[in-house]
Amino acid sequence: MPALERLMTTVSTKGQIILPKAIRQALGWQAGKKLIVEHAQEGVVLKPLPMFAPTKPGEVFGCLKFSGAPKTVAEMNAGILAEAKRRYESS
């Protein structure tokens, strides 16, 4: 994100603040975006709430069933490359 000019906002009597439009647009934050608020040494940090709860591999391993012979690493790499090319060419 390019450096933005110093922007200001005010805390309302209800404790609300308005994030300047330039910041919201640069971050792609729309109305209703859930944010994590963290106290930091120099102030406050806002981070987008992750779309999914953190999980461990054991919690999701095997959740997508596959029947057939296992894929080789070379086959998986070829599939990843093909999808990357497809996405690049469609953009």
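**Overall form and the strand pair of the predicted chain**

Among contacts in the protein chain between residues at least 6 apart in sequence, 7% join residues at least 24 apart. This value comes from a predicted model, as do the other values reported in this section.

The protein chain contains 3 helices and 2 strands. Read from the N terminus, these elements follow the order α-β-β-α-α. The chain is more spread out than a compact globule, because its radius of gyration is 21 Å, well over the 12 Å that the globule rule gives for 91 residues. Along the principal axes, the box filled by the C-alpha atoms of the protein chain has dimensions of roughly 65 × 35 × 25 Å.

The surface was examined next. Of the 91 residues in the protein chain, 1% are buried. With regard to charge, 13 side chains of the protein chain are positive and 7 are negative. The centres of these two sets are separated by 7 Å.

The two strands are paired with each other. Strand E1 comprises residues 35-40 and strand E2 comprises residues 43-48; the two run antiparallel and are joined by 6 bridges. Together, E1 and E2 form a hairpin, with 2 residues lying between the strands. Leu 35 has Pro 48 of E2 as its bridge partner, while His 39 is partnered in E2 by Val 44. As a general point, the side chains of a regular strand alternate between the two faces of the sheet.

Beyond the hairpin, the chain continues towards the next helix. Pro 50 is placed in the loop between E2 and helix H2, the latter covering residues 57-60. The relative accessibility of Pro 50 is 51%, and this residue therefore counts as exposed, since the cut-off for that class is over 50%.

Key:
Residues numbered from 1 in each chain as written. Predicted model: local features only at pLDDT ≥ 70, side-chain atom pairs only at ≥ 80, totals over all residues. Heavy atoms only, no water. Helix = DSSP H or I, 4+ residues; strand = E, 2+ residues; numbered from the N terminus. Rg over C-alpha atoms; globule rule 2.2 N^0.38 Å. Buried < 20%, exposed > 50% of the residue type's maximum accessible area, 1.4 Å probe, protein only. Contact = heavy atoms within 4.5 Å. Lys, Arg positive; Asp, Glu negative; His and termini not counted. Charge placed at Lys NZ, Arg CZ, Asp CG, Glu CD. Pairing = 2+ DSSP bridges.
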